[in-house]
Amino acid sequence: MHTHEFVYTGRAARVVFGAGKRATIGDEVRLLGARRALVICGLEQRALGESLSAALEGASAGLFDRAAMHVPATLAREARELAGQLRADCLIAAGGGSAIGLAKAVALTSGLPVIAVPSTYAGSEMTPIYGITEGGLKRTGSDLRVLPRTVVYDPELTLSLPTALSLTSGINAIAHAAEGLYARDANPVTSLFAHEGITALARSLPTLAREPSNLDARADALYGAWLCGSVLGSVGMALHHKLCHTLGGSFDLPHAPTHTVVLPHALAYNASAAPQAMARIADALGCDDAPAGIHALARELGVPVSLAALGMREADLDRAADLACQNAYWNPRPLERAPIRALLQRAFDGAPPALS
Ligand code: NAD
């Protein structure tokens, strides 16, 4: 355990949680001492952006509704220019990781404070990590200027999230907590968050699969996503996140479903090197074995469990294994190409996770 010696860095954000809380967005802007908020969203979330803009009344400076996946640098520049023209003194990011990512990119160069109103379980709102894509390359970094100052979690916003995306986005959140439990810089506080976050998601996702409009389960899932996102923002990630970053970036696989397919296999790879973390994950899932428990959860939810089903080509598995071993990064178990290639094969086939 990590209870004798540790470093815990609290990421200061005000969190406002509850159904309907998006209506308080004007108060949150005023609390930051701001008067002119630029709302940032994607086209699909334009209705949400407009409703927030309307709720702001005189404190709305305008709306930028073209957030897109992977934060293209051209869009970041356009949104930054618009913020300048409108003399915005604060940014409101409304939507999933793409909208929040764009607001972060604007905050990086403008220093404007961000209020996030998340509508998925991806967790970007709780991290100081940003990514900007230019010339086909995604540059990522960490800067406290991009960490949202306030996060308004309103579970009603997640009611429109398609069921399959809700379920895979929920497992995407579990992945942050699972890797956080075996992080090199894990500490008792983030581990509490991780355990509680996995528990809340493991409890709520099966209900959501049956009743996507169940607001109590939506609130429980969003609560879990907050906790898991906060783990992502506080401690380092490892093999699982690297694999998903590689598969998403180089082979264009969808973010949340890729996390869902890979997680049981990445955990199986690390199981022998992180037995205490595995025991806590299993306890939170209510099962005996963490990798098998995640695989069983995905099967119960009826979401894809193979990379083949996500459109990956088997011929690309070798290159994916090579990329995953590049740019050495910390992992509880050293990176070994052959077992990583084997785990990718099992993920491709949708086979149960196996220790190797
Ligand atoms: P996303 O924002 O692209 O949303 C996925 C899809 O869901 C989009 O089509 C979007 O329009 C739709 N959607 C979102 N909310 C909806 C709602 N309530 N109702 C209906 N449809 C809705 O993706 P995401 O899964 O939220 O986040 C993934 C992205 O965020 C990735 O690019 C990832 O790299 C990034 N991310 C970054 C961090 C970080 O710390 N920087 C953390 C997690 C994720």
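## Chain and helix α12

The model is predicted: local features need pLDDT of at least 70, side-chain atom pairs count only at pLDDT 80 or more, and totals for chains, interfaces and linings use all residues. Residues are numbered from 1 along each chain as its sequence is written, and side-chain values use heavy atoms, with hydrogens and water left out.

The chain has 13 helices and 8 strands, taken as DSSP runs (H or I of at least four residues for helices, E of at least two for strands) numbered from the N terminus. Its radius of gyration, over C-alpha atoms, is close to the value of the globule rule (2.2 Å times the number of residues to the power 0.38), so the chain is as compact as a globular protein of that length.

| Property of the chain | Value |
|---|---|
| Radius of gyration | 20 Å |
| Span of the C-alpha trace along its principal axes | about 60 × 45 × 45 Å |

Among contacts (heavy atoms within 4.5 Å) with a separation of 6 or more, 74% join residues 24 or more positions apart.

Helix α12 covers residues 317–325, and its buried residues are L317, A320, A321, L323 and A324. They lie on the same side of α12 because their arc around the axis, from the directions to the C-beta atoms, is only 165 degrees. These buried residues pack against α8 (239–251) and α13 (337–349). After α12 comes N327, with a positive phi near 50 degrees.

Key
Buried means under 20% relative accessible area, exposed over 50%, partly exposed in between (1.4 Å probe, protein chains only).
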